[in-house]
Each structure stands twice: as C-alpha cells, then as structure tokens.
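Me: I'd like to go through some labels with you and check each one against its cut-off. Here is the model we'll talk about.

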Amino acid sequence: MRILHTSDWHLGRSFHRESMLEAQAAFVDHLVETVRSERVDVVAVAGDLYDRALPPVDAVALCNDALRRVTAAGARMVIISGNHDSARRLGFGADLFDAAGVHLRTDPSRAWEPVVIDDVAFYGIPYLEPELLRSAWELPERSHTAALAHAMSLVRADAARHRASVVLAHAFVTGGQASDSERDISVGGVAHVPLSAFDGVGYVALGHLHGRQRMAETVRYSGSPLAYCFSEAGHVKGSWLVTIGSAVESVEFVPAPVPRPVGVLRGAIDDLLTSPAHTRYEDHWLQVVLTDPVRPKAAMDRLRARFPHTLALSFAPVGAVPAARQVRLSGRPEADVALDFVREVRGEAAAPEEERLLRQAIEEARAKEAMA
C-alpha cells in the first residue's frame with residue numbers, strides 16, 4: 001500500500017493580507033497528479049484542513065474540489081481535524097462520506113475505531129483538547145500527554161488485530177521545531193507530548209508543525225504544503241510517500257510546487273535597491289529589515305519599485321539603540337508632540353511639507369470636534 005502523508009493545508013489562509021487561494025489550488029493540482037503518477041492508495045491529511053473554524057466559502061469550494069478529484073484519481077482519504085478546524089463542522093456527514101471513500105475522523109471518542117483498508121488499520125486521532133476530555137476520559141492530569149496516552153492505549157489494543165497500522169495525530173511532539181505560523185496549543189494543558197506516546201504502531205502521520213520533520217524513522221511531520229510565515233523561508237514543502245506492507249518498507253519526500261517563494265532581506269535601502277545580488281528575490285514575497293541609521297522616507301514605495309511583492313517592513317538601525325527618554329507632554333501643542341515623535345522614530349525632523357500636512361490634519365480634527 002502506498003500512502004501520501006500531508007497536513008496543515010490551512011485552506012482560506014492569507015499571507016500578510018495576500019490571498020493564498022491560488023497557490024493552494026496549485027497544491028491541489030500537484031496532489032492529484034501525485035496520486036495518479038505514484039499510484040497512491042490512501043491520502044492521509046493530519047489536521048488543519050482549514051485555517052479557521054468558519055472558513056470562507058471559496059476555501060470550502062476548493063476543499064470540495066480536492067476531495068472530489070483525489071477520490072476520482074483512485075485514492076481514498078483519511079482526514080482528521082486539527083486545532084484550527086471546527087471538529088463538529090468538519091465532521092458533518094462523516095458516515096455518509098465514508099461510502100465515498102473520504103473518511104473524516106473528528107470525534108475523539110472514535111479515535112480507536114479504525115478505517116480498515118486492505119487490512120491496514122488507519123486510526124484518526126483528531127486534535128485533543130485536554131480540558132474538554134479530562135472528565136469524560138478520567139485523565140490523571142490536564143495535559144496533552146494524558147489525553148494522547150489514553151487514546152493510544154486503546155489504539156494499540158486494537159492494532160494487534162491487523163496486518164499493519166497507521167496513526168494520524170495532530171499534536172506537538174517534544175523535540176519538534178516550530179515556526180511562527182502555528183497557533184499555540186498550550187491553553188488547556190501542557191502542549192508537548194513525548195515521542196514514546198506513539199510506540200507500537202507501524203507509521204505515525206503527524207500534523208501541526210509546519211516544517212517537515214523526522215521525529216523517528218516511522219514518526220514524521222509532513223509540514224504545511226506552502227510557507228505561511230517568513231520563518232519558513234528555508235523550508236522545502238511537500239508530502240511523505242510511504243510504502244507499507246506488514247511494516248513500513250520505504251518513505252520518500254515528494255516536493256510540492258512553489259508558486260511564489262518567500263524570503264527575508266536585510267540591509268541598507270540603497271544596497272537593496274541596486275545590488276545585483278538581490279535580483280533573485282524580485283519575484284519573492286518579502287520581509288525587509290532596513291538597517292539605515294536614519295529611517296528612509298517612502299521606504300515601502302521605493303522597495304516595491306524593485307520588489308513588488310514586499311509584504312512586511314521593519315527597521316533595525318545599525319549602532320547602539322538610544323535609551324528611552326522622558327518627554328514632557330502636558331501643556332504642549334499637539335503638533336509639537338507629533339513632530340517630536342516623527343523626529344524620535346525617524347532620526348531626523350519632518351520635512352516642511354510633512355509638517356504642513358500634520359498641522360493641517362490637527363486643525364481639521366479640532367474643527368470637526370468643535371462641530372460635534
């Protein structure tokens with residue numbers, strides 16, 4: 001059996017207010033082609049199919065398209081809910097979807113009930129919220145480890161009846177490397193779970209962390225199919241292709257397409273705008289950190305003339321950071337306070353035209369307040 005392990009699609013997500021839907025659609029095209037070309041039997045999606053509990057309608061439409069096309073290409077799907085998904089909404093109609101070869105597992109109480117395909121048992125352990133399960137499962141403590149340990153003890157008891165077993169889980173395994181785009185799951189209990197929690201099963205398809213990672217030979221994160229923050233600039237995105245018989249026979253990585261790469265540039269603005277060394281970044285989504293000692297004027301407009309997809313801009317001037325100083329505000333004209341602020345953050349005074357616009361805005365605000 002050939003299994004394609006993927007996770008964290010986050011359909012409907014934006015990237016610094018840029019829609020990712022077109023890039024996500026390109027990943028779906030790639031996924032369907034991989035199912036066909038690699039003769040994939042099962043696509044395992046380890047949570048966070050959507051980016052939020054109430055996804056936008058175009059994200060739902062893309063999800064519908066993905067499920068239809070993957071099954072039409074000959075693969076069955078096993079999908080669990082992640083911490084971004086609404087388990088109840090994603091699990092709607094799960095029993096009916098089973099008949100179509102799409103197996104949605106979002107109910108924690110069914111985590112140890114397998115989807116059996118050619119005597120390979122797939123156990124879908126959705127994201128487990130310890131606070132909600134502590135009483136029902138009589139957990140010894142409020143932690144992700146306690147919740148997952150309970151589910152896995154029942155999974156192991158059932159898995160012995162089958163030729164091989166695959167577990168899908170959405171969790172933060174101790175030792176995993178996080179990025180900036182994952183939502184914190186520490187609320188409701190200690191977030192990390194030990195790798196040993198997954199002992200005794202054939203393969204563990206993990207979701208939640210957005211970088212591909214091998215926690216053990218048969219315990220892996222596929223990572224997200226696209227970069228969702230600038231800390232993922234160095235990631236290679238894709239899915240794990242797993243061949244399993246009575247045990248795991250091979251695991252290989254299938255890279256996903258990169259519709260638009262992400263990158264981080266740091267330096268003085270004149271160098272960034274003129275150096276040939278930065279040519280390769282001209283089509284990237286960019287985070288730019290300017291190191292000029294004085295904050296450049298119209299920096300974003302100037303950068304976008306060369307790097308049209310610059311999305312984030314920050315300033316880290318070279319040299320020592322001056323200590324904060326107290327400024328008298330009481331009794332001073334608003335314009336003087338505002339101009340002091342401009343001087344403080346920019347490192348130089350406002351230009352005459354800027355000062356004129358600032359004073360004009362303050363006078364207009366006063367006039368509106370007087371008329372109210």
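Me: Why is His210 called buried?
Reply: Buried means under 20% relative accessible area, exposed over 50%, and partly exposed in between (1.4 Å probe, protein chains only). His210 has a relative accessible area of 1%, so the residue is buried. This is a predicted model, where local features need pLDDT of at least 70, side-chain atom pairs count only at pLDDT 80 or more, and totals for chains, interfaces and linings use all residues. Residues are numbered from 1 along each chain as its sequence is written, and side-chain values use heavy atoms, leaving out hydrogens and water.

Me: What makes Arg13 and Asp51 a salt bridge?
Reply: The term asks for a side-chain nitrogen of Lys or Arg within 4 Å of a carboxyl oxygen of Asp or Glu. In this pair the closest N and O atoms are 3.2 Å apart, so Arg13 and Asp51 qualify. The partners sit 38 residues apart in the chain. Both ends are buried, Arg13 at 13% relative accessible area and Asp51 at 12%.

Me: How do you know that Asp336 and Arg359 form a salt bridge too, and what does the pair tie together?
Reply: Their N to O distance is 3.6 Å, therefore the pair meets that rule. Asp336 lies in helix H9 (residues 334–346) and Arg359 in helix H10 (residues 352–371), so parts 23 residues apart in sequence are tied together.

How values were computed. Helices (H or I, at least four residues) and strands (E, at least two) are DSSP runs, numbered from the N terminus.
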